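My notes follow in the order in which I went through them.

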There are 2 protein chains.
Amino acid sequence: MSRPRLLLLSSSVVHGHGFLEYAASDINTFLNKNRVSTVLFVPYAAVDHDAYLAKVRPVFTKWGYQVEGIHQDNPVDAVKRAEAIFVGGGNTFLLLKTLYDKNLVKLIRERVFEDGVPYIGSSAGTNIAAPSIHNTNDMPIVYPPSFNALNLIPFNINPHYLDTDPNSTHKGETREERILQYHSLPDAYDVYNVLGLREGSLLLVDGEMGVLKGIKNARLFIKGKPPQEIEVGTDLSHLFANQLKASAVRL
Amino acid sequence: MSRPRLLLLSSSVVHGHGFLEYAASDINTFLNKNRVSTVLFVPYAAVDHDAYLAKVRPVFTKWGYQVEGIHQDNPVDAVKRAEAIFVGGGNTFLLLKTLYDKNLVKLIRERVFEDGVPYIGSSAGTNIAAPSIHNTNDMPIVYPPSFNALNLIPFNINPHYLDTDPNSTHKGETREERILQYHSLPDAYDVYNVLGLREGSLLLVDGEMGVLKGIKNARLFIKGKPPQEIEVGTDLSHLFANQLKASAVRL
């Protein structure tokens with residue numbers, strides 16, 4: 001049993017910044033601290049894996065890391081020898097279905113929890129770090145065998161969290177309405193707390209310690225309580241209490 | 001074998017109009033033509049069924065129709081004796097899961113296709129009239145046993161279709177990007193054409209004849225072709241070719 005080390009980004013791109021740019025210093029600190037030299041990239045949230053790798057590789061190369069694509073080899077072997085894992089954004093349903101199809105869900109979880117392999121997720125890659133993908137914004141273009149995900153943290157994430165636009169004439173549900181609807185489900189359903197990560201915010205996790213980082217605040221939805229604003233720098237460790245113990249049972 | 005009669009609304013509310021108001025004359029014409037006096041309302045897309053019924057009933061009462069709530073009785077019996085069915089909007093995943101849980105998916109389909117029971121859907125209720133819910137905008141707050149839906153029409157629907165805002169600073173996918181991503185899936189996946197219904201547009205179907213109605217144009221996504229604008233009044237019957245024949249096989 002090791003400490004999970006996670007860096008969960010709301011998105012790869014933020015208005016006014018290049019690809020992964022707003023999170024560059026957090027990513028570098030995270031990888032350096034864990035003495036990583038090669039990152040295993042998981043492009044399964046996109047349809048074209050090679051194109052996605054070609055976009056990600058130069059960014060990490062510039063920072064001094066090597067990048068392997070999980071699709072370039074036997075994916076199970078690649079995860080087994082990974083020094084660090086980066087799961088990119090795209091479609092959460094496609095990502096999770098592909099991980100199940102390739103028998104990677106339990107394996108990635110074991111690598112993170114038992115071997116302490118550092119995990120970076122962005123958008124869909126952050127969504128699947130949660131217990132379930134019930135709070136993704138993505139279109140359900142494929143049907144995964146379950147909505148249960150990697151369960152690396154004890155609450156769900158809504159990435160790309162968007163505040164309600166008071167001037168909007170659109171009548172589809174707002175983001176807050178959708179999350180509150182989730183929390184209004186009858187008790188028969190498993191419902192998790194939800195951290196809404198605005199584009200530009202990210203969550204750093206080390207064992208049972210969690211802190212909000214990045215350049216944007218987040219919004220926390222605890223079932224039965226009013227939503228709370230979470231400022232950059234806020235310690236969120238209380239959300240992780242007993243996480244290691246509970247996870248040991250679930251593994 | 002009868003002719004399916006459908007009225008599929010993008011949404012119940014449109015900016016500047018009351019609940020169902022923009023579609024009032026189409027709904028009344030549709031129900032009168034089919035000599036309906038009582039409408040069976042399906043509120044399963046919402047959590048609070050009674051509250052939803054209390055919102056819908058006065059509107060139909062004002063128009064001269066009685067409304068029964070499917071949840072007030074044995075739902076299978078209610079569908080078996082329904083003169084017309086109205087499935088309201090809300091969460092598409094919750095709606096479809098509830099229909100499966102209560103063994104109503106095949107039954108509603110049979111009532112529409114074999115007995116010609118008129119079907120009105122709005123938003124989520126329109127989504128489930130399609131072969132699958134792969135193109136809903138809703139948050140997947142519950143896990144249905146399948147994404148396959150009522151299959152009353154041979155293509156999928158994206159309700160509340162939203163044009164890309166060129167001034168947006170948000171980096172989440174646009175609606176068009178999401179639908180094109182669905183169409184870029186590998187051939188192993190079943191992929192349907194998608195009709196994007198802007199809020200205020202609706203689709204009237206009578207057998208193999210379909211026409212766009214309402215107060216807003218729609219956007220049609222045929223796999224492998226550029227998206228097309230569809231003006232109110234456009235005959236869409238070509239999308240239904242061989243629908244009855246194919247449906248007979250599937251029933």
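Predicted model: local features only at pLDDT ≥ 70, side-chain atom pairs only at ≥ 80, totals over all residues.

Residues are numbered from 1 along each chain as its sequence is written, chains are lettered from A and ligands numbered from 1 in the order in which they are written, and side-chain values use heavy atoms, with hydrogens and water left out.

**Interface**

I then looked up which elements of chain B face chain A, and found that helix H4 (92-101), strand E6 (156-161) and helix H7 (175-183) each supply at least two residues; helices (H or I, at least four residues) and strands (E, at least two) are DSSP runs, numbered from the N terminus. H7(B) gives the largest share of that side, five residues.

For contact (heavy atoms within 4.5 Å), I recorded 43 residues of chain B against 43 residues of chain A. The two chains bury about 3700 Å² between them, 63% of it on carbon and sulfur atoms, where buried area is the accessible area (1.4 Å probe) that two parts lose on being put together, summed over both.

I also found two salt bridges across this interface, meaning a side-chain nitrogen of Lys or Arg within 4 Å of a carboxyl oxygen of Asp or Glu. One of them joins A:Asp138 and B:Arg178, with the closest N and O atoms 3.5 Å apart.

**Sheets**

In chain B I traced an open sheet of seven strands with mixed pairing, in the order E3-E2-E4-E5-E1-E8-E9; two strands pair if DSSP finds at least two bridges between them. Strand E3 (66-69) and strand E9 (209-214) of chain B each have a single partner strand, so one side of each lacks a neighbour in the sheet. E8 (201-206) and E9 of chain B run antiparallel and are joined by six bridges, and B:Leu204 stands opposite B:Val211 in E9(B).

In chain A, strand E2 (38-42) and strand E4 (85-87) pair in the parallel sense over three bridges, and A:Phe41 stands opposite A:Phe86 in E4(A).
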